[in-house]
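Hi,

Here is the structure I promised to pass on. Have a look at it first, and then read on for what turned up in it.

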Amino acid sequence: MVGVPEPHSGWTFVTSHARVLAAIADNPNIRIRDIAAHCRLTERAVQRIIADLEQDGYLSHTREGRANTYRIEPDKVLRHPAEAGLSVASLLSLLVQDESDRGKASGPLTGAASLTHH
């Protein structure tokens with residue numbers, strides 16, 4: 001996998017939930033295994049995070065054969081009172097690189113994963 005960071009110890013600015021959501025925003029068809037590798041988490045941790053995000057309405061998925069396609073709710077407001085009024089799209093606009101910046105040939109974000117502001 002290209003662009004996977006080296007292992008890291010210590011604190012970071014971004015939570016695992018935000019990293020998982022950003023990985024899904026970057027590729028709505030991404031496999032849990034690939035999310036785990038990219039985010040430096042176990043597959044089980046990624047499954048728990050996805051369940052959290054789905055339970056609170058930030059994420060949903062549809063099953064297509066053996067694969068999942070995820071849908072992010074970009075207008076959903078972030079949970080913490082300090083981020084009151086900020087949407088998922090606002091967060092993801094900081095975390096997901098623009099396609100032209102990352103230089104790979106995957107398709108643009110579609111549907112709910114779009115990062116446009118309303």
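Helices α1 and α2 are oblique to each other, because angles under 35 degrees count as roughly parallel, over 145 as roughly antiparallel, 65 to 115 as roughly perpendicular and the rest as oblique. The angle between α1 (residues 16–26) and α2 (residues 32–39) is about 125°, and their axes are 10 Å apart. Axes here are lines fitted to C-alpha atoms, for helices over the stretch in contact, with angles running from 0 to 180 degrees between N-to-C directions. Helices (H or I, at least four residues) and strands (E, at least two) are DSSP runs, numbered from the N terminus.

Which residues make this contact? From α1 they are Arg-19, Val-20, Ala-23 and Ile-24, and from α2 they are Ile-35, His-38 and Cys-39. Contact means heavy atoms within 4.5 Å. By class, the contact of α1 with α2 has 5 nonpolar, 1 polar and 1 charged residues. Here Ala, Val, Leu, Ile, Met, Phe, Trp, Tyr, Cys and Pro count as nonpolar, Asp, Glu, Lys and Arg as charged, and the others, Gly among them, as polar.

Before going further, please keep in mind that this is a predicted model, in which local features need pLDDT of at least 70 and side-chain atom pairs count only at pLDDT 80 or more, while totals for chains, interfaces and linings use all residues. Residues are numbered from 1 along each chain as its sequence is written, and side-chain values use heavy atoms, with hydrogens and water left out.

Next come α2 and α3. Their axes come within 8 Å and cross at roughly 105°, so α2 and α3 are roughly perpendicular to each other. Ile-32, Arg-33, Ile-35 and Ala-36 of α2 meet Glu-43, Val-46, Gln-47 and Ile-50 of α3. That contact of α2 with α3 has 5 nonpolar, 1 polar and 2 charged residues.

Arg-40 sits in the loop between α2 and α3 (43–55). Its phi is near 60°, a positive value in a residue other than glycine. Arg-40 counts as partly exposed at 42% relative accessibility; buried means under 20% relative accessible area, exposed over 50%, and partly exposed in between (1.4 Å probe, protein chains only).

Asp-56 belongs to the loop between α3 and β1 (59–64) and is partly exposed, at 31% relative accessibility. Leaving aside residues up to four places away in sequence, Asp-56 touches Lys-76 and Arg-79.

Is Ile-72 buried or exposed? Ile-72 is buried, with a relative accessible area of 1%, whereas Arg-71 is partly exposed at 44%. From C-alpha to C-alpha, Ile-72 is 8.5 Å from Pro-28, 44 residues away in sequence. Arg-71 and His-61 are 10 residues apart along the chain, and their C-alpha atoms are separated by 5.8 Å.

Finally, the chain as a whole. There are 5 helices and 2 strands, in the order α-α-α-β-β-α-α from the N terminus on. Of the 118 residues in the chain, 28% are buried.

Best wishes
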